[in-house]
Amino acid sequence: MAAVKPRVKVPSKASAGETITVKTLISHPMESGQRKDKEGNVIPRKIINTFAATFEGEEVIRIKVEPAVSANPYFEFDMKVPGTGTLAFAWTDDDGTVYTEDKKIEVA
Amino acid sequence: MTGERETDMNLTRRGAIALAFGAGAATMLPLRTWAATNNAEELIAAFTGGAATKDGGVAIGAPEIAENGNTVPVDVSAEGATAILIVAAGNPNAGVAEISFGPLAARSAAATRVRLAGTQDLVAVARMADGSYARASRNVKVTIGGCGG
């Protein structure tokens with residue numbers, strides 16, 4: 001299985017109160033549980049079921065994800081930067097694994 | 001004589017090359033047929049708690065024609081919403097995503113990419129800060145469905 005690799009695009013510098021656009025992508029097959037293999041057996045569902053972004057413990061966005069979200073799920077949202085801190089991302093897999101990524105945002 | 005021979009050869013070659021296109025799409029999984037109705041309305045009712053939804057106040061953006069149903073870009077926005085539910089009315093499972101916005105979200109807006117089984121309506125329902133609900137839908141024509149297999 002291909003390694004699950006999160007990628008996020010966040011500006012490293014911002015001014016206080018500024019609105020920034022955050023783009024995230026994680027490589028993941030998002031197996032829907034609808035497909036069947038050659039023998040006709042259903043391929044079990046395995047998706048990212050939750051995506052959350054928190055900044056210094058405060059929630060920015062939380063998305064409950066269903067199988068209808070494409071493979072390599074992509075999420076884009078806007079956030080307000082209150083000050084210097086770390087934006088933490090977490091993707092929760094159906095098997096319980098949580099993939100995380102941190103990005104520091106510096107306020108000049 | 002020589003000229004005639006050349007002409008004959010050319011024609012033969014053209015005939016041989018003419019249909020070089022093969023079974024490129026042979027690996028394409030057959031489209032399944034499913035019931036026209038799914039659990040879209042149930043999901044919306046569960047999200048709103050049965051409350052009535054009004055039109056307007058929420059916007060959903062998607063291409064009018066999506067060539068590949070496996071990855072259709074969708075964006076939703078609703079001024080002052082605390083959460084937005086996206087459902088696909090024509091998928092075997094209607095649920096797409098439920099987005100809740102925290103205190104640091106600059107706008108109640110997000111974008112993602114979704115799978116669509118075929119031409120259908122995408123519906124966005126927004127839960128407003130005052131507890132009311134807004135609803136919007138958008139028809140997307142899908143050329144090749146995001147095959148469920």
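1. How many bridges join S8(B) to strand S9 of chain B? There are 8 bridges, and the two strands run antiparallel. S9 covers residues 133-144 of chain B. This is a predicted model, so every remark below concerns computed coordinates.

2. Confidence. The model scores ipTM 0.89 and pTM 0.80. Chain B has a mean pLDDT of 79. In that chain, 72% of residues reach 70 or more. One stretch of chain B, residues 16-36, stays under 50 in pLDDT. For that stretch the model has 14 contacts beyond four places in sequence. Where pLDDT is low, predicted coordinates should not be read in detail.

3. Strand S8 of chain B. S8(B) spans residues 120-128 and is mostly covered, with 7 of its 9 residues buried. Strand S5 of chain B, residues 81-88, pairs with S8(B) in the antiparallel sense over 7 bridges. Within that pairing, B:Leu85 has B:Val125 as its bridge partner in S8(B). S8(B) also forms a hairpin with S9(B), with 4 residues between the strands. In the turn, B:Gly131 has a positive phi of about 90 degrees.

4. B:Leu122. This residue stands opposite B:Arg138 in S9(B). B:Arg138 is also in contact with B:Leu122. Beyond four places in sequence, other contacts of B:Leu122 include B:Ile60, B:Ala62, B:Val74, B:Ile86 and B:Leu116. B:Ala136, B:Ser137 and B:Val140 are also among them.

5. The cores. The largest nonpolar core has 58 residues. B:Leu122 is among those with the most contacts inside it, alongside A:Phe51, A:Ile61, A:Phe77, A:Leu87 and A:Phe89. That list names residues of chain A and of chain B. In soluble globular proteins, nonpolar side chains tend to be buried together.

6. Strand S4 of chain A. S4(A) covers residues 48-55 and is mostly covered: 7 of its 8 residues are buried. It is joined by 7 bridges to strand S7 of chain A, residues 85-93, in an antiparallel run. There, A:Phe55 stands opposite A:Leu87. Another 6 bridges join S4(A) to strand S5 of chain A, residues 58-65, again antiparallel. A:Ala52 stands opposite A:Arg62 in that strand. S4(A) and S5(A) form a hairpin with 2 residues between the strands, where A:Glu56 takes a positive phi near 50 degrees.

7. Aromatic pairs in chain A. How many aromatic pairs are there over all chains? The count comes to 6. In one of them, the rings of A:Phe51 and A:Phe89 have centres 6.4 Å apart and planes at 20 degrees, so the pair is stacked. A:Phe51 lies in strand S4 and A:Phe89 in strand S7 of chain A, so the pair ties together parts 38 residues apart in sequence. A:Phe51 is buried, with a relative accessible area of 0%. A:Phe89 counts as buried at 1% relative accessibility.

8. Aromatic pair in chain B. B:Phe47 and B:Tyr133 form an edge-to-face pair, 6.0 Å centre to centre with 70 degrees between the planes. B:Phe47 lies in helix H2 and B:Tyr133 in strand S9 of chain B, so the pair ties together parts 86 residues apart in sequence. B:Phe47 and B:Tyr133 are both buried.

9. Cluster and charges over rings. A:Phe51 and A:Phe89 also belong to one aromatic cluster with A:Phe75, A:Phe77 and A:Trp91. B:Arg127 places its charged end over the ring of B:Phe47, 4.5 Å from the centre.

10. B:Leu43. Is this residue buried or partly exposed? B:Leu43 has 28% relative accessibility, so it counts as partly exposed. Its place is in helix H2 of chain B, residues 40-48. Leaving aside neighbours within four places in sequence, B:Leu43 is in contact with B:Leu85, B:Val87, B:Ala94 and B:Gly95. The C-alpha atoms of B:Leu43 and B:Val87 are separated by 7.9 Å, with the residues 44 apart along the chain.

Key
Residues are numbered from 1 along each chain as its sequence is written. Chains are lettered from A and ligands numbered from 1 in the order in which they are written. This is a predicted model: local features need pLDDT of at least 70, side-chain atom pairs count only at pLDDT 80 or more; totals for chains, interfaces and linings use all residues. Side-chain values use heavy atoms; hydrogens and water are left out. A nonpolar core is a set of buried Ala, Val, Leu, Ile, Met, Phe, Trp, Tyr and Cys residues joined through side-chain atoms within 4.5 Å. Buried means under 20% relative accessible area, exposed over 50%, partly exposed in between (1.4 Å probe, protein chains only). Contact means heavy atoms within 4.5 Å. Two strands pair if DSSP finds at least two bridges between them. pLDDT is the predictor's confidence in each residue, from 0 to 100. Rings of Phe, Tyr and Trp (its six-membered ring) pair if their centres lie within 6.5 Å; planes under 30 degrees apart count as stacked, over 60 as edge-to-face and the rest as tilted. A charge sits over a ring if NZ of Lys or CZ of Arg is within 6 Å of the ring centre and within 35 degrees of the ring normal.
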